[in-house]
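The exercises below concern one protein chain. Work through each task with the sequence and the structure at hand, then compare with the solution.

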Amino acid sequence: MPSILTGWWRAAEAVARLISSPRTNVARADAAAAGVFGRSALVVAASRALTALTGAWHASVTRRIVVRAGDAIPNTAVLRTRFAAVAVVVASLTVLALQALKPGPREPLAWLLPAMAIASALLVAVAGAARGVAPRERNR
């Protein structure tokens with residue numbers, strides 16, 4: 001049908017919609033939804049659990065160890081990268097040693113992933129060391 005015949009109907013619907021539906025205060029509706037959500041049993045339980053965990057974390061020995069270990073990590077990006085690479089090498093060597101001590105039959109290629117992690121970490125450490133050297137010192 002041509003739009004001239006149906007246009008009056010669309011206009012009438014739009015006028016009826018504007019007259020019959022109240023204006024929505026979006027901020028008030030959002031605040032009401034947030035209030036309902038904030039009072040729900042799930043959010044209240046999660047908030048209590050988080051409060052208990054936060055208190056336990058601040059009083060824990062693990063937190064003190066993590067803070068001390070954080071002080072031992074170097075500040076520059078190159079040294080942090082090398083530190084992480086050394087940690088990966090140590091972890092992978094530990095996995096290889098535990099696999100060697102494992103009783104029973106050995107899986108065929110169980111050593112491959114730790115060995116690849118060691119190779120990758122050593123590559124990152126060497127690349128970080130080369131990147132950390134000043135350009136004039138590389139040419140010597």
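**Exercise 1. Determine what share of the contacts with a separation of 6 or more lies between residues 24 or more positions apart.**

Solution. Take a contact as heavy atoms within 4.5 Å. Of the contacts in the protein with a separation of 6 or more, 46% join residues 24 or more positions apart.

A note on the basis: the model is predicted, local features need pLDDT of at least 70, side-chain atom pairs count only at pLDDT 80 or more, and totals for chains, interfaces and linings use all residues. Residues are numbered from 1 along each chain as its sequence is written, and side-chain values use heavy atoms, with hydrogens and water left out.

**Exercise 2. List the secondary structure elements and decide how the radius of gyration compares with the globule rule.**

Solution. Step one: assign helices (DSSP runs of H or I, at least four residues) and strands (runs of E, at least two), numbered from the N terminus. This gives 7 helices and 0 strands. The order from the N terminus is α-α-α-α-α-α-α.

Step two: compute the radius of gyration over C-alpha atoms and the globule rule as 2.2 Å times the number of residues to the power 0.38. The radius is 32 Å, well over the 14 Å that the rule gives for 140 residues, so the protein is more spread out than a compact globule. The C-alpha trace spans about 85 × 50 × 50 Å along its principal axes.

**Exercise 3. Identify the contacts of serine 92 and of isoleucine 118 beyond their neighbours within four places in sequence.**

Solution. Start with serine 92, which lies in helix α5. Its relative accessible area is 7%, so serine 92 is buried. Its contacts, with neighbours within four places left aside, are Pro114, Ala117 and Ile118.

Next take isoleucine 118, located in helix α6. At 14% relative accessible area, isoleucine 118 is also buried. Under the same exclusion of neighbours, isoleucine 118 touches Val89, Ser92, Leu93 and Leu96. From isoleucine 118 to alanine 77, 41 residues apart in sequence, the C-alpha distance is 20 Å.

**Exercise 4. Count the aromatic pairs and classify the geometry.**

Solution. Rings of Phe, Tyr and Trp (its six-membered ring) pair if their centres lie within 6.5 Å; planes under 30 degrees apart are stacked, over 60 edge-to-face and the rest tilted. The count is 1 aromatic pair. The ring centres of tryptophan 8 and tryptophan 9 are 5.6 Å apart with planes at 85°, so the pair is edge-to-face. Tryptophan 8 is exposed at 55% relative accessibility, while tryptophan 9 is partly exposed at 48%.

Key:
Buried means under 20% relative accessible area, exposed over 50%, partly exposed in between (1.4 Å probe, protein chains only).
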